[in-house]
Number of protein chains: 2
Amino acid sequence: MGDGQPVTSDWIAGSVNTNPVVVRRLLSALAKAGLVSSIRGSAGGSVLAQPAGRISLAHIHRAVDEEEGPALHNQTPNQACPVGRGIQPVLVRIIDRAEAAKEAVLATTMLSEVVAAIRAEAG
Amino acid sequence: MGDGQPVTSDWIAGSVNTNPVVVRRLLSALAKAGLVSSIRGSAGGSVLAQPAGRISLAHIHRAVDEEEGPALHNQTPNQACPVGRGIQPVLVRIIDRAEAAKEAVLATTMLSEVVAAIRAEAG
DNA sequence: ATATCTGTAATCGTAACTGTTACGTATGTC
DNA sequence: GACATACGTAACAGTTACGATTACAGATAT
């Protein structure tokens, strides 16, 4: 993967110490986002769909955590209360900004850099 | 609360549309962080322990979400694999930076501003 | 054909959280 | 002092989310 050789979900599962199906579910999300393409059948596996230098951590984050709007409140607040009525849009606005800042940082690091750092770390 | 009048957990629960005990649990966390002080007994409730202009959303966030280090991996990765061995410190470093950026944004908005925004929103 | 691999559905176990009830403790009021 | 009011917490059930597993259909190289 990245070397061009397809990697099987079994192999990744062995490295991450989990079940192959769990890996396939994540890989499936990455494939839908166009970051990875998977090859079925014998000698199959997954390959990067783009060069590692063009895939940012923000891309990965968005692909895997596909939350649709922050579930700010469990129960909708009491609309009869002025606070309950007004708090929702205000907080959504602020949280969106904070989340955007986080993503901006993730967008600055590319997958290739992570790979390089891992190589350096593990010798 | 903020006006100096103590607010009861019952009152907040009515506004947020949940149970008073749930509110008290959160209030307890805020009290431990020194953001709120609670008054027991009749005519009791909770009051801000600091002026709203000195309490940032980052303070609140830290007080309520007291996660100790990101639970990056569920199962520890396979240490026999060079990737599994090296990925952990690398990702922790990056995620910490991203989380710090998020908190930096939250630190710029004070509780007083949120209150003002809510007042404007709800008329 | 057969051995591999992915893609997905179905299930089970578990951790985390909410909602509730219950009860002890503190405190203002009469 | 008796009483009503509120917090602080423990205990427990119901729900939700997620990971781990099993099972099986479809695709593909040899």
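Me: By class, how many nonpolar, polar and charged residues does the surface near DNA strand C have?
Reply: This is a predicted model. Near means that a heavy atom of the residue lies within 4 Å of the strand. Ala, Val, Leu, Ile, Met, Phe, Trp, Tyr, Cys and Pro count as nonpolar, Asp, Glu, Lys and Arg as charged, and the others, Gly among them, as polar. The surface near DNA strand C then splits into five nonpolar, 14 polar and five charged residues.

Me: What pLDDT must side-chain atom pairs have to count?
Reply: Residues are numbered from 1 along each chain as its sequence is written, chains are lettered from A and ligands numbered from 1 in the order written, and side-chain values use heavy atoms, with hydrogens and water left out. Totals for chains, interfaces and linings use all residues, local features need pLDDT of at least 70, and side-chain atom pairs count only at pLDDT 80 or more.

Me: Which element gives the largest share of the surface near DNA strand C?
Reply: Helices (H or I, at least four residues) and strands (E, at least two) are DSSP runs, numbered from the N terminus. α2 (20-32) and β1 (36-39) of chain A, with α2 (20-32) of chain B, each supply at least two residues. The largest share is four residues, and it comes from α2(A).

Me: Which residue has a side-chain N or O atom 2.4 Å from a phosphate oxygen of DNA strand C?
Reply: A:Arg24 places a polar side-chain atom 2.9 Å from a base oxygen. A:Ser42 reaches a base oxygen at 2.9 Å with a backbone N or O atom. The 2.4 Å approach to a phosphate oxygen is made by the side chain of A:Ser38.

Me: How much area is buried between chain A and chain B?
Reply: Contact (heavy atoms within 4.5 Å) links 36 residues of chain A with 36 residues of chain B. Buried area is the accessible area (1.4 Å probe) lost on being put together, summed over both parts. Carbon and sulfur atoms give 70% of the total, which is about 2800 Å².

Me: Which residue of chain A forms a salt bridge with B:Glu99?
Reply: A salt bridge puts a side-chain nitrogen of Lys or Arg within 4 Å of a carboxyl oxygen of Asp or Glu. Four are found across the interface of chain A and chain B. For B:Glu99, the closest N and O atoms are 3.6 Å apart, and the partner is A:Lys102.

Me: Which element gives the most to the side of chain A that touches chain B?
Reply: Elements that give two or more residues to this side are α1 (9-16), α4 (82-108) and α5 (111-122) of chain A. With 18 residues, the one that gives the most is α4(A).

Technical notes: Buried area = accessible area lost by both parts, 1.4 Å probe. Polar contact = N/O pair within 3.5 Å; in protein donor to acceptor, adjacent residues only side chain to side chain.
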